[in-house]
Amino acid sequence: MPVFTRFSGSSQPGDGVPEAEDEPAGGEREEGERGATAASGPAPEASRTSLGHRLTRLRTWRIRHPRTARALHLTTTALAAALVLGALLLPNTLPALKAAAFARIPAEAIIGAVVVLALPRRPRLVAAVLYGLGLTALTTVNLLDMGFNEYLGRGFNAALDWDLLPDAQAYVEDTLGGGVATAVTVGAVVLILLVAAVMAAATIRLATVLARHRVRATKGALIAGTVWVTCSALGLTLFGGPIASERGAGALRVHAQRTVESLRDEAAFVRQSKADTFGNTPTGQLLPDLRGKDVIFTFIESYGRSAVEDPIMAPGVDRTLDTSTKALEKAGFAARSGWLTSATYGGSSWLGHSTTMSGLWIDNQRRYRTVSAGDHLTLTKAFQKTGAWDTVGVMPGVQKGWPEEKWYGLDKLYDSRDLGYRGPKFSWSTMPDQYALEAFQRQVHGKKRDKPLMSFVILTSSHQPWAPIPKMVGWDELGDGSVFDAIQKAGNKASDVLTDTTKSREEYGKSIQYSVTSLTQWLERYGTHDTVLVFLGDHQPIARVSGNGASRDVPVSIVAKDPKVLDKVAGWNWTEGLKPDRDAPVWKMDSFRDRFLKAFGSTPHPSKG
């Protein structure tokens, strides 16, 4: 509800404006006083005297300093108008946050002005407050959109994403400390309340000014509306965008539609998750061509396509992949690599894990909760179901109870508390990947057992903010992890990397090099003729690192000594080695489970939804 006309200091015939413009017109003042008295009863004499004294002093000050009072009045009104216009035109992405984005005429401002001009005093004030709260909601979702687009490559979903806010707080706490996390949380709440108060004050201010200058304000709104309609009809643009804007209403409409679509999608997904291509496959017909093999599924945190193609990160990562490929070949291993399109981006790694293992597209928290609460067959559970494998999970990022281990079909879970680590945390990551893999070897993989082993391993050293990053040490020097104390202290501070985009990209690349090196050296050291390693990324790094508009593709590799294993996937046409070619096949991540099961001899027996 901005002011579209200039107001002079003097009263105009028919305006009914007193000389002191900040003071309500007589009729309205009397109405307000009568309403206040009726609502609260007779005020104490002392209060009335005190209030009257303050008003008298204010009027006296205005009379004595008319220019200052008028300048203050115009400045306050201009700031209120700028605040309202800014909220209505605020973009929802950081790249769009430019001065040109605010060179528009918002339809919502014109409509707001028309509404308050048509209302009597009390309804007008109520409407102004509601309008201010609406602008607060609009500003909040736009800021959330900015954050989600910056980190997750998508907008905020009001139906699904509130559950992610506690995870965000936990990430800040693990990365920057509990004090910072508390300060950020309190600051966010205070900021929202402050924005609400300031927005409401601004809209009340503008509504009052418009009402005082009703005749000129009405003319101004009519002119502005005519200009808006003309610009809209002719499609006139300025600085690359339409002059006639409905950005505010459009943003709220998009969020409302997104919410409705999400709720409908949830109902459809429940039905979809009950149907399964291999839901009724007999145990003897699951994975017959992998019997006797130790199979390891490993996710490398944030290992995305950008790591092997971006000009800043790729040179170092590609050297690591080439070096590791040659080292594995020398040890008798061969590898094939391709691309998978992840269901998530920038974060929410568990969505990538569950999509790969379940064969369902799990791109939000509600889908994840739905499927993990059911009995849909995961790839890891298929191994357990046969009875031919022991199944374990190694998850150093898990720091509390994790009930999903049952859904994944894991006989035993080793989390951060079970791996014997006594060294320092590396920001969010509880322990270096090299240590986690050595602990896996010591406690699980290296022990004699009656059955082969199927392992589900999640590596975390390449988790943002990529500071400090561990470094490789001698495998015989790992001990309880205390050897990493000096490395952690000498590393970068998370706060320094988080605020520097170039540094973030450089350090991200180094973290991927470290994780890949840890995994491939472990395989060289401990792999056997019966070891089959499948490793892949869970998602691309945040948009600030991978770049705006980056794909959701992640590398995936299968490594084995037994040539019969790779013969089973020859029809996939994957690239030889650990680095997939640019034109290597790209599959959606949810297709991997069925392709893997079929490649190794499983027979489909569908279950119905």
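Two strands count as paired if DSSP finds at least two bridges between them; strands here are DSSP E runs of at least two residues, and helices are H or I runs of at least four, numbered from the N terminus. This is a predicted model, where local features need pLDDT of at least 70 and side-chain atom pairs pLDDT 80 or more, while totals for chains, interfaces and linings use all residues. Residues are numbered from 1 along each chain as its sequence is written, and side-chain values use heavy atoms, leaving out hydrogens and water.

**Strand S9 and its partners**
- S9 (residues 453–459) runs parallel to S5 (residues 294–300), joined by six bridges, with Val295 opposite Met454.
- S7 (residues 390–395) is also parallel to S9, through five bridges, and Asp390 pairs with Leu453 there.
- Seven of the seven S9 residues are buried, meaning under 20% relative accessible area with a 1.4 Å probe, protein chains only.
- Both S9 faces are covered: Leu453, Ser455, Val457 and Leu459 sit on one, Met454, Phe456 and Ile458 on the other.

**Nonpolar cores**
- A nonpolar core is a set of buried Ala, Val, Leu, Ile, Met, Phe, Trp, Tyr and Cys residues joined through side-chain atoms within 4.5 Å.
- The largest has 51 residues, with Phe297, Phe383, Phe592 and Phe596 making the most contacts inside it.
- Apart from that one lies another core of 50 residues, including Ile512 and Tyr526.

**Helix H5**
- Gly153 follows H5 with a positive phi, near 70°.
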